[in-house]
Amino acid sequence: MDHRIAIWNVLHDGKITVAERTDDCLTIFVSIPYIRERLSPLGDSFAIRLFGLRTLRFSDFDEKKVTSKLEDIARNGIEILSTDSISMPVKIVTTMGLLELDFDRIELSLDTGRLVSF
């Protein structure tokens, strides 16, 4: 499976805490202490950078509320559950709805800035 897609299953139970978009790059912090505590130095989050971002879309389960506004996505305490996607765009099931992302490249780092591999 494409690591750009598979990583979202590893981040299961992670809470999106903050996000920032700069041109075609999206940075989101995912707090997931039970995984993060296994890596040194101590921390509680991962920084996920998505390069070549084309799609950022969130919809509730009924698709009555659909948004691409970063503020709506980053400040609602959305928790990642899983994805069944096998190709881009990746559709991530969360506790509050479906997050759809289409991008070229992903970079994962600790909240301290140290890059980590999938």
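Two strands count as paired if DSSP finds at least two bridges between them, and strands themselves are DSSP runs of E, at least two residues long, numbered from the N terminus, as are helices (H or I, at least four residues).

I'm working on a predicted model, where local features need pLDDT of at least 70 and side-chain atom pairs count only at pLDDT 80 or more, while totals for chains, interfaces and linings use all residues. Residues are numbered from 1 along each chain as its sequence is written, and side-chain values use heavy atoms, with hydrogens and water left out.

**Entry 1: strands.** I looked up Leu50 and found its bridge partner in β9 to be Ile106. Strand β3 (residues 45-51) runs antiparallel to β9 (residues 105-110), with 6 bridges joining them. I then followed β9 to β10 (residues 115-116), again an antiparallel pair, with 2 bridges. Leu108 has Val116 as its bridge partner in β10. These two strands make a hairpin with 4 residues between them, and I noted a positive phi of about 105 degrees at Gly113 in the turn.

**Entry 2: cavity.** I searched the whole structure and got 1 cavity of 30 Å³ or more. A cavity here is a set of points on a 1 Å grid over the protein atoms alone where a 1.4 Å probe fits but cannot get out; lining residues have an atom within 4 Å of a point. Points are joined across faces, edges and corners, and volume is the space filled by probe spheres set on them. The largest cavity holds about 40 Å³. Its lining includes Ile16, Leu56 and Leu101. I count 9 nonpolar residues there, no polar and no charged ones (nonpolar: Ala, Val, Leu, Ile, Met, Phe, Trp, Tyr, Cys, Pro; charged: Asp, Glu, Lys, Arg; polar: the others, Gly among them).

Terms used. On a 1 Å grid over the protein atoms alone, a cavity is a set of points where a 1.4 Å probe fits but cannot get out, and a pocket is an open set with protein on both sides within 12 Å along at least five of seven lines; lining residues have an atom within 4 Å of a point.
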